[in-house]
Amino acid sequence: MAAAIALSLRGRGVSTPNPSVGCLIVRDSVVVGRGWTQAGGRPHAEAQALEQALDRARGATAYVTLEPCFHLSPRGPRCTDMLARGGVARVVIAARDPDPRTDGQGAAFLAGQGIAVETGLMAAEARRAMAGFFLRQTLGRPHVTLKLGLSLDGRIAMPDGGSRWITGPAARAHAHVERARHDAILVGGGTLRADAPRLDVRLPGLKARSPRPILLGSGDAPPGWTVIRSPEEIATLEHVDHLMVEGGASTAASFLRAGLVDRLLLYRAPILLGAGKPALGDFGLASLDAAHGRWRLTGGRMLGPDRLEVYESVESA
């Protein structure tokens with residue numbers, strides 16, 4: 001299942017409006033088929049894995065990160081039907097689908113076809129990989145990652161606004177990989193005017209996966225950008241399940257104030273800037289006690305001389 005979850009991440013940022021699902025088909029301890037949701041949401045992971053496995057799927061076990069779809073769609077057959085026709089003997093499901101058109105019905109249908117069904121294996125990890133889909137289904141908004149590149153003393157730029165470059169090449173490359181895993185990327189008007197950011201993905205092989213640019217503010221935006229007036233309007237963005245917020249300090253603070261940050265990516269460079277620009281503006285913190293218990297460290301690594309720390313909101317978990 002861990003391998004299926006890793007596969008599912010390949011579709012992050014391109015599979016929306018469908019969740020990015022991963023599927024492995026295993027027979028006699030050998031992987032005979034694998035798949036993940038493709039660009040635009042089709043084909044589904046199960047369809048891709050079954051096409052690869054062909055007759056070797058009979059009697060095999062399918063590991064799927066999300067309950068196979070049960071509802072009918074003009075875009076393609078139901079994954080439950082395909083798995084049954086493929087002859088799999090067992091289906092192991094990580095997370096139950098919150099979509100009411102499938103919720104529990106997919107697993108029940110498979111069991112009714114005489115297929116052994118198990119659910120809940122690595123469910124938390126699978127939900128984390130599809131966090132945007134689950135938040136869209138439950139709260140009606142995308143999953144939000146706030147990315148900050150900052151100095152050891154919490155600065156994001158020199159006093160004159162100069163910020164190229166706070167972090168080194170390895171950290172910046174990692175941030176571009178993160179961009180490729182998001183449907184859209186957002187900055188505020190100050191960042192747009194000061195830096196004229198491209199907000200694209202500039203890594204070989206991933207340039208076509210540049211996220212959709214969003215401007216928070218009331219000014220003019222470049223062609224192809226979408227403008228929203230408040231953080232709460234992210235709920236109205238179509239085909240956006242994973243949103244990255246990149247700046248600046250007031251924009252970051254506005255999302256924190258609204259309680260709309262689910263994940264923090266902190267890229268810390270081993271430098272001190274002193275009187276530089278702070279990473280965050282005031283986001284309405286009432287007391288020091290209120291600051292504690294809100295974030296949980298879930299990952300970290302060195303990227304050249306820089307340190308990446310990943311935090312998840314306790315409320316969003």
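These are my notebook entries on a predicted model.

**Ground rules**

I number residues from 1 along each chain as its sequence is written. Local features need pLDDT of at least 70, side-chain atom pairs count only at pLDDT 80 or more, totals for chains, interfaces and linings use all residues, and side-chain values use heavy atoms, with hydrogens and water left out.

**Entry: the annotated domain**

I looked up the UniProt record. An unreviewed entry there lists residues 1-118 as "domain: CMP/dCMP-type deaminase". UniProt positions are given in the numbering used here, feature names are shortened, and annotations may be inferred rather than shown by experiment. I then checked the chain over residues 1-118. It is 27% helix and 24% strand, and its end C-alpha atoms are 12 Å apart. Helices (H or I, at least four residues) and strands (E, at least two) are DSSP runs, numbered from the N terminus.

**Entry: the sheet of five strands**

In what order do the 5 strands of the open sheet lie? I read E2-E1-E3-E4-E5, with mixed pairing. Strand E2 (30-36) and strand E5 (116-119) are the edges, each pairing on one side only. Neighbouring strands are turned by 15 degrees against each other on average, direction ignored. Two strands pair if DSSP finds at least two bridges between them. Strands of a sheet pair through backbone hydrogen bonds, either parallel or antiparallel.

I followed one pair. Strand E1 (residues 22-27) and strand E3 (residues 61-66) are antiparallel, with 4 bridges. Val-26 stands opposite Thr-61 in E3.

Helix H2 (residues 45-53) lies across E1, E2 and E3. H2 runs at about 145 degrees to E2. Contact means heavy atoms within 4.5 Å. Axes are lines fitted to C-alpha atoms, for helices over the stretch in contact, and angles run from 0 to 180 degrees between N-to-C directions.

Which peptide bonds are cis here? I noted the bond from Thr-16 to Pro-17, with omega near 20 degrees. Pro-17 lies in the loop between helix H1 (2-8) and E1. I also noted the bond from Arg-42 to Pro-43, with omega near -5 degrees. Pro-43 sits in the loop between E2 and H2.

Ser-29 has a positive phi of about 65 degrees, although it is not a glycine. Ser-29 is in the loop between E1 and E2. Most residues other than glycine have a negative phi, and most peptide bonds are trans.

**Entry: the sheet of eight strands**

I moved on to an open sheet of 8 strands. The order is E10-E9-E8-E11-E6-E12-E15-E14, and the pairing is mixed. Strand E10 (226-228) and strand E14 (295-303) are the edges, each pairing on one side only. The twist averages 25 degrees from one strand to the next.

Strand E12 (residues 263-268) joins strand E15 (residues 306-313) by 6 bridges, and the two run antiparallel. Arg-263 stands opposite Glu-312 in E15.

E14 and E15 run antiparallel too, joined by 8 bridges. Met-302 stands opposite Arg-307 in E15. E14 and E15 form a hairpin with 2 residues between them. Gly-304 in that turn has a positive phi of about 65 degrees.

**Entry: the cavity**

How many cavities of 30 Å³ or more are there? I found 1. On a 1 Å grid over the protein atoms alone, a cavity is a set of points where a 1.4 Å probe fits but cannot get out, and lining residues have an atom within 4 Å of a point. The lining has 13 residues, and Ser-15, Asn-18, Pro-19, Ser-20 and His-242 lie nearest the centre. By class, I logged 4 nonpolar, 6 polar and 3 charged residues.

Conventions. On a 1 Å grid over the protein atoms alone, a cavity is a set of points where a 1.4 Å probe fits but cannot get out, and a pocket is an open set with protein on both sides within 12 Å along at least five of seven lines; lining residues have an atom within 4 Å of a point. Grid points are joined across faces, edges and corners, and a volume is the space filled by probe spheres set on the points. Ala, Val, Leu, Ile, Met, Phe, Trp, Tyr, Cys and Pro count as nonpolar, Asp, Glu, Lys and Arg as charged, and the others, Gly among them, as polar.
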